[in-house]
Amino acid sequence: MEQKAPWMYSSTACLLVAIGAVVATTVVAQRSREGCCYGKSSFNHGQTVASLPSRCLYSTRHDGDIRKRYIGKPGDRGCCEFDGLIYPNGAELTSHCAALICRRGVWVASQEIAECCKHCYLFNDPHIHTLDGHYYDWHGICSYTVTQPGNSLYPDYSVFSDFRHCYNSASCLHVSTFKNDRYTAITLRHNNPFTILVNNDEFVVPTTGVTEALSSHGKHQVLVWRDGDCIYLVGSSKIMIQHCRHRLDVWAHPSHVNVLYGLCGCFNFHKEDDFTSRDLTQHPLHPWPVAFAESWRTPDQGRDCQICRGCDRETTGYPSTLDAAQRQELRAICSRRLHLILATDEELEHYVDACQFDLCQLRQSRATKEAQDNWLRELEILAQDAKIILAKTSGEWKPLPDVPPSQGICVPGSRWMEECNWCDCADNGQFARCTLIGCVEGHIHPLGQEACKDGSWWKVDCN
């Protein structure tokens, strides 16, 4: 087993947060205090007995008595509550990966993602990007740990996913589970993102607003809300999730540095040891790992779990029966469709790699042209989602309410791309003016150059 590399940090801010998460505090000895009972429960000195966030009021046990305490001054209204704490109107929940703001008693999502939180995601069949930035594929057909503290078989909190067979020789996301704490397990079904199971109780995420996850046992310390065709979940564990039909995103707060392991890698801002298996053996990085990924099977498996023969080997190869020319043809198709979306964000080029692989699997499984075209449209949505996540993380996400057409009335000052032609809007907004660049059949927009398609909505300077 190789020795782990030292911590590496991407910014001073991350370093400060990470250090703050592990610094030990001195505990001052206090004299013994009396306990007290309230209803059928007993409470220690200083412990919250009950809360009423709408009145900014909570009660604590103090030397055997119950005392009222206010956030602000008596009579204030509209506070919010999360993880046992009450926040006044206007306060921000900043110690998590999504900045949430308390507005008149309800949490409101700010559409910003903390840059200091690290991002892991799995999409399609599945392609995986680790917390520290390594990209690889894994197509096992079982349930696997996505991320968890340490290497225990039964961690206190975790994210794990069940991969099921799809296409010809790959697997796809089927059901994922977010275990926020010992008492909260949320089941996420990828064919129905808006209906989740909270401790096996069905809960439909409301169409608007941020709410606490509910089960028959009451509220749980997980905030959940809809965002487009996906949902976000923020837990008291400081793990945040975006759950969609074809992708699962996981953000880890810097307080988890040197703690998290699994398919999302060993989280320490240093990707060279991302392939740390459950027995803490460090495997070499590779685009097609086997032994590392297989080590993160969960102990509880469904009947569809397949025995992985030969999974003691380190790596495997590209699972394709197509020749090089056929694969290059598929890559050209993907580049034509996705380069216009990815534009200058060259770090997202692995979406083109994933597209090529997916089309290869569809071709090998003799999928119809219609099925391939439908999947290409799904891949375009995934690429758009990736752009939006980048914008939310950089603080540049500003969704625009209206989309100008390529002809007829448009928004003065807008600019967009139709095929290969740049268009802008006349000052009076009555018609669109487009260049007349000759687009030969098969034109591929160069990755790394700005581009916006007609009807796009993820760039600030293009509607």
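**A close look at the disulfides**

Mentor: Happy to! Keep in mind that this is a predicted model. A search of the whole structure finds seven disulfides; let us walk through some of them.

Start with Cys-56 and Cys-79, whose sulfur atoms are 2.0 Å apart. This pair links distant parts of the chain, 23 residues apart: Cys-56 is in the loop between β3 (48-52) and β4 (57-62), and Cys-79 is in the loop between β5 (65-70) and β6 (80-82). The link is right-handed, with 105° about the S-S bond, and both Cys-56 and Cys-79 are buried.

Next come Cys-142 and Cys-305, with 1.8 Å between their sulfur atoms. Cys-142 is buried, at 1% relative accessibility, whereas Cys-305 counts as partly exposed at 23%.

Then there is the disulfide of Cys-230 and Cys-244, S to S 2.1 Å. Cys-230 belongs to strand β22 (residues 230-235) and Cys-244 to the loop between β23 (239-243) and β24 (247-252), so the pair ties together parts 14 residues apart in sequence. With 110° about the S-S bond, this link is right-handed. Both Cys-230 and Cys-244 are buried.

Key. Residues are numbered from 1 along each chain as its sequence is written. This is a predicted model: local features need pLDDT of at least 70, side-chain atom pairs count only at pLDDT 80 or more; totals for chains, interfaces and linings use all residues. Side-chain values use heavy atoms; hydrogens and water are left out. A disulfide is a pair of cysteine sulfur atoms within 2.5 Å. Helices (H or I, at least four residues) and strands (E, at least two) are DSSP runs, numbered from the N terminus. Buried means under 20% relative accessible area, exposed over 50%, partly exposed in between (1.4 Å probe, protein chains only).
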